[in-house]
Amino acid sequence: MTTMEYDVIVIGAGPVGENVADRVVRGGLSAAIVERELVGGECSYWACMPTKALLRSASVLRAARHVPGAREAVTGDLDAAAVLGRRDSFASHWKDDGQVSWLESAGIALHRGQGRIVSTRVVEVTDADGATARLTARHAVVVATGSSALLPDIPGLRESAPWSSREAASARSVPRRLAVIGGGVVAAEMATAFAALGSSVTVLARDGVLPSAEPFAGELVTESLREAGVSVRLGAEAVAVNRDDSGAVHIETAAGERIDADEVLVAVGRTPNTQDLGFETVGLAPGAWLPVDDTLRVVGGGEWLYAAGDVNRRVLLTHQGKYQARAVGDVIVARAKGATVEDGRWGRHVATADERAVPQVVFTDPEIASVGLTAAAAEAAGLRIRVVDYDLGAVAGASLHADGYRGHARMVVDEDRKVIVGLTLAGPDVAELIHAATIAIVGEVPLDRLWHAVPAYPTVSEVWLRLLETYGR
């Protein structure tokens, strides 16, 4: 058995693990990453990048068709093969050579295989050939193994070989009929993508479309999906699934309907990748989410064990996981060197933004961009709020952006502090507008000061002025 020692060992080489290791090395410590699959993780190969590549071509085509002059130049439909080919390039054809090269250039050691914690600060790695290496961390072990698609206990579902987000993101062809179980972000985005690519799509949205977003967001996306030919069944619940000898999938709903499809995508949630990490040796439950303190140390795991990204269940978004990773890497370095730990609110070594300043974009038609709290979440948090709504299509920049621009904006104001605690935008290409709201919320900029942030004319960003005018001075 090979034995090696590092300052920090990171289990999981996705974007979160890579960022942890990078911060550690930049801080003067040594780091090793353990990875059983591809370096780069879910985001690089089966989520963020390939799925957005699937969606982008259709988005560009829709944009052109909504502007006279450009509309007349469009003479055909999407080329599905070209879209899938571009997707392949963004997934690096499911090869991680480039990511491995980056690890080497950053001075981060890579150990391929299944990593398991066997004792305090000790990780054993078993590679594909069964060889084992024992790695010891002088200071910390960080779990950054992410999450996988949750497969619910629906009779016949597992036996029917359903798609998860992975299979949808890496599909080699476009199914003629696609059924989607779920109504969240993955379900809505993949329904949008495959409908544009030519699939006949049925969505079984038991809890509605985008149920965690502001209600108008789900309503606009539902309307758009239906206009695109998608059958959206609100409240529909799958109770049985089977795939027959011809390969067709049949889904029975609680209402007694039967949905026939060629593939079924299950997108109802996530489960942590913590099943085979040796947690039982350090008093933790295998397969469970990992609760952490404000500096991302695992509660009950000892001072040496940290968890960043999806596994701690704070926020299941890549960019937020990378944000946590920077805090984790820096705090490990600070503790290793005996430096001051800045763990107060908005301190360098905590992930305060996870609480109330999380940005997210859903790349549907229309796009949904949000940050902070919805009105319902703000009320549930006990805040005294005022909700300000505005028709995004009424902004001059929106009318220039596209004929018939449809959208909506909602600002949630904490009336006691007179600051924004939430903003949601729905409309074409609103993704690039949301960071301004993120800055306003993180900076807790008073509304009186925001009046002096003048939006350029004529841009869609003028909605900021219209929201403030609606709120009043």
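Reader: What makes strand S8 and strand S9 a pair in this model?

Author: In this predicted model, five bridges join S8 (residues 177-181) to S9 (residues 200-205), and the two strands run parallel. At least two bridges are needed for strands to pair, so S8 and S9, with five, count as paired.

Reader: Why is Leu 197 called buried?

Author: Leu 197 belongs to helix H8 (residues 185-197). The relative accessible area of Leu 197 is 11%, and the term buried applies under 20%; Leu 197 is therefore buried. Leaving aside residues up to four places away in sequence, Leu 197 touches Leu 54, Leu 78, Ala 80, Val 83 and Val 174. Contact here requires heavy atoms within 4.5 Å.

Reader: How many cavities of 30 Å³ or more are there, and which residues line the largest cavity?

Author: The count comes to one cavity of 30 Å³ or more, and the volume of the largest cavity is about 30 Å³. Its lining consists of Gly 182, Gly 183, Gly 184, Ala 187, Ala 188, Ala 191, Val 203, Val 209 and Leu 225. H8 gives the most to this lining, with three residues.

Reader: Why does the lining of the largest cavity have three polar residues?

Author: By class, the lining has six nonpolar, three polar and no charged residues. Gly counts as polar, and Gly 182, Gly 183 and Gly 184 are among the lining residues; the polar class is therefore represented in the lining.

Reader: What makes S17 and S18 a pair, and in which sheet do they lie?

Author: Four bridges join S17 to strand S18 (residues 367-372), and the strands run antiparallel. Pairing needs at least two bridges, so S17 and S18 qualify with four. In S18, Ile 368 is the bridge partner of Val 362. These strands lie in an open sheet of five strands, ordered S17-S18-S21-S20-S19, with antiparallel pairing. Strand S17 (359-362) and strand S19 (385-390) are the edge strands, each pairing on one side only. The twist averages 10° from one strand to the next.

Conventions: Residues numbered from 1 in each chain as written. Predicted model: local features only at pLDDT ≥ 70, side-chain atom pairs only at ≥ 80, totals over all residues. Heavy atoms only, no water. Buried < 20%, exposed > 50% of the residue type's maximum accessible area, 1.4 Å probe, protein only. 1 Å grid on protein atoms, 1.4 Å probe; cavity = no way out; pocket = protein on both sides within 12 Å on 5 of 7 lines; lining within 4 Å. Points joined across faces, edges and corners; volume = space filled by probe spheres on them. Axes fitted to C-alpha atoms, helices over the stretch in contact; angles between N-to-C directions.
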